[in-house]
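Please look at the model alongside the text.

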Amino acid sequence: MKARLETGATVPAWGGRRAQDALAVVKAAGRKANTPCCICDQDIDYSLPSTVPDGCTLQHLKSRSRFPHLTWVRSNWGPAHKRCNESDGKGKAPGDDDRVVTDDF
Ligand SMILES: [Zn+2]
């Protein structure tokens with residue numbers, strides 16, 4: 001099974017069925033290990049749907065914009081609250097989005 005690439009693209013865009021599957025993988029692993037949010041380090045209620053603010057979403061530990069080749073790499077995925085995921089990248093300075101999110105300030 002091979003993803004059909006768009007013109008010139010070497011990495012399939014994030015989204016669709018594959019992204020859904022990726023989220024399912026992250027949620028299953030997170031639920032099993034009780035993994036905290038990779039952004040705020042607080043517990044995640046994995047029973048919540050991913051559409052609510054406290055639900056689990058998939059966070060790219062290294063941003064897709066700067067590391068597109070890591071888009072589909074399992075080790076680059078972590079669980080994050082939807083609200084954390086959505087605020088991540090918006091309040092940060094340009095070029096600052098590749099820092100390790102667990103760094104102390
Ligand atoms: Zn969080």
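A residue is called buried if 20 or more other C-beta atoms lie within 10 Å of its own, exposed if 12 or fewer do, and partly exposed in between, with C-beta atoms placed from the backbone. A nonpolar core is a set of buried Ala, Val, Leu, Ile, Met, Phe, Trp, Tyr and Cys residues joined through C-beta atoms within 7 Å. The model is predicted: local features need pLDDT of at least 70, side-chain atom pairs count only at pLDDT 80 or more, and totals for chains, interfaces and linings use all residues. Residues are numbered from 1 along each chain as its sequence is written.

Cys37, Cys38, Ile44, Cys56, Ala80 and Cys84 form the largest nonpolar core, which has six residues. Leaving aside residues up to four places away in sequence, Cys56 touches Lys27, Gly30, Ile44, Tyr46, Ser50 and Pro79; contact requires C-beta atoms, placed from the backbone, within 7 Å. Of the protein's 105 residues, 17% count as buried.

The protein has two helices and two strands, taken as DSSP runs numbered from the N terminus (helices H or I, at least four residues; strands E, at least two). Their order along the sequence is α-β-β-α. Helix H1, residues 16–33, reaches 26 Å from its first C-alpha to its last, close to the 26 Å expected; the expected span is 1.5 Å times one less than the number of residues.

Serine 63 lies in the loop between strands S1 (56–60) and S2 (77–81). Why does serine 63 count as partly exposed? Because serine 63 has 19 C-beta neighbours inside 10 Å.

Key:
Contact = placed C-beta atoms within 7 Å.
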